[in-house]
Amino acid sequence: MSKKVIIVGGGVAGMQAALSLKGQGIDSVIVEKSDRLGGKLCDWHKLFPTFTPASEVLGPLKEAVERAGVEVRTGAEAERIAPDSVLLKSGERLSADAVVVCSGFDLFDARIKEEYGYGIYDNVYTTADIERMMNEGAVALPGGHAPRRIAFLHCVGSRDEKVGQRHCSRVCCITGVKQAMEMKTLFPQCEVYNFYMDIRMFGPGYEELYRQAQEEYNIHFVRGRISEASPTFDGRLQIKAEDTLVGRPLKMSVDMLVLIIGMRAGESNGRFAQCPGVGCASNGFLAPADLFSGSVLSPVEGVFYAGTVTAPKNVGESMSEGAYAALRVAEYLGARS
Amino acid sequence: MIQWGYTINQPRAVNLDRNDLTAARRIIRQMPELQACIACGSCTATCTAGNLTQFNFRKVHTLVRRGEYEGAYEEMNKCMLCGKCRLVCPRGINTRGVVMLIKRELGEY
């Protein structure tokens, strides 16, 4: 009898895991809570640092999954996990020889940072909104005008104890730089300001992109966190920050405020952690067996992780983890047969 | 009129709605590399003048880029043009050239 692996989540990590398992002759079932494969990447327009359309990564991956004949169950949300089964919300229990959890992350809800007025003022956006507008082909102010001044605010929902998010979400710095450049390209007359606490350019080509944004795109980087946004009489927003590098308060009005939202732990992590032995780290992400050679292993035999379920990661890292998890699953199943 | 000795403080905030950024843009156009500054402070750390006076090159050029020109020319006059800052800058900015440029552009302030 052939072994069966259940993959919880059909984002890039889950799809890559399924493909790599198939390559080793192991069948898997992808259990995806939404009605489509692709996860968060479906809503993204272009990827840092190369401005590659997200569809160029997602399209071939989806096709390969389809070609490989991987069983995909959409609209199926996992409620509980165990090394030998996954219980769905519907009450159905799927038995398995191993489980790979690739359930990803949740975007930080910017309304929680009320002082920035997301959901209160029309001209406050999140990075996810910008991607959606780019996908729809129309970035414009509510009145249809082109913005003259845009402020990006880094670390919304990251490194912020006030909202219980102590961790750094890593990928938002480069996302902010990428989107600032995209806005400058769309609106060359527009002034773009990025307000940051630290700029963390961890990946290949990221630092180079940051420098290009500074030198060639004339994007202004101000080290200081915006304290609040308030509406002006003419329907714009006034923002206040400290320009910490000159030690003076700074204020300005802008047409658009873009909140660069972070990644928070997936809301399903708590339920999955009820499987004995599985646990969350203090930031809510699932804690792998160790951070080095066991980064895709849970502390429980037969339960594996891949992608942003364990920590914020970029697309490439998530896919690599999907492939690596598949390798470790194959080793585990091979040793048991 | 009786003077009671009270005054009103001017707001300290850098107000980017009021500041005239024309000169700042002119400076940036001539030396776009200045925008690559990551404010590491090595220029100020190695500065000969900064060791003897309050001169802080990093702070002055940042203020200039925000349209705060007042006193920038006088500050830049403290520079002895030794060029050590240029040797240490990790972003490869011609810092000595920036001093000359700001002095040239902001002489009237």
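**View 1. A hairpin of strands 6 and 7 of chain A.** Strand 6 of chain A and strand 7 of chain A form a hairpin in which 2 residues lie between them; strands (E, at least two residues) are DSSP runs numbered from the N terminus. The model is predicted, and local features need pLDDT of at least 70, side-chain atom pairs count only at pLDDT 80 or more, and totals for chains, interfaces and linings use all residues. Residues are numbered from 1 along each chain as its sequence is written, while chains are lettered from A and ligands numbered from 1 in the order in which they are written. A:A82 has A:S85, in strand 7, as its bridge partner.

**View 2. A hairpin of strands 7 and 8 of chain A.** These two strands are joined by 3 bridges and run antiparallel. The bridge partner of A:V86 is A:L94, in strand 8. This hairpin has 4 residues between the strands, and A:G91 takes a positive phi near 100°.

**View 3. The open sheet of chain A.** The sheet has 3 strands in the order 6-7-8, with antiparallel pairing; two strands pair if DSSP finds at least two bridges between them. Strand 6 (78-82) and strand 8 (93-95) are the edge strands, each pairing on one side only. On average, neighbouring strands of this sheet are turned by 15° against each other, direction ignored; axes are lines fitted to C-alpha atoms, and angles run from 0 to 180 degrees between N-to-C directions.
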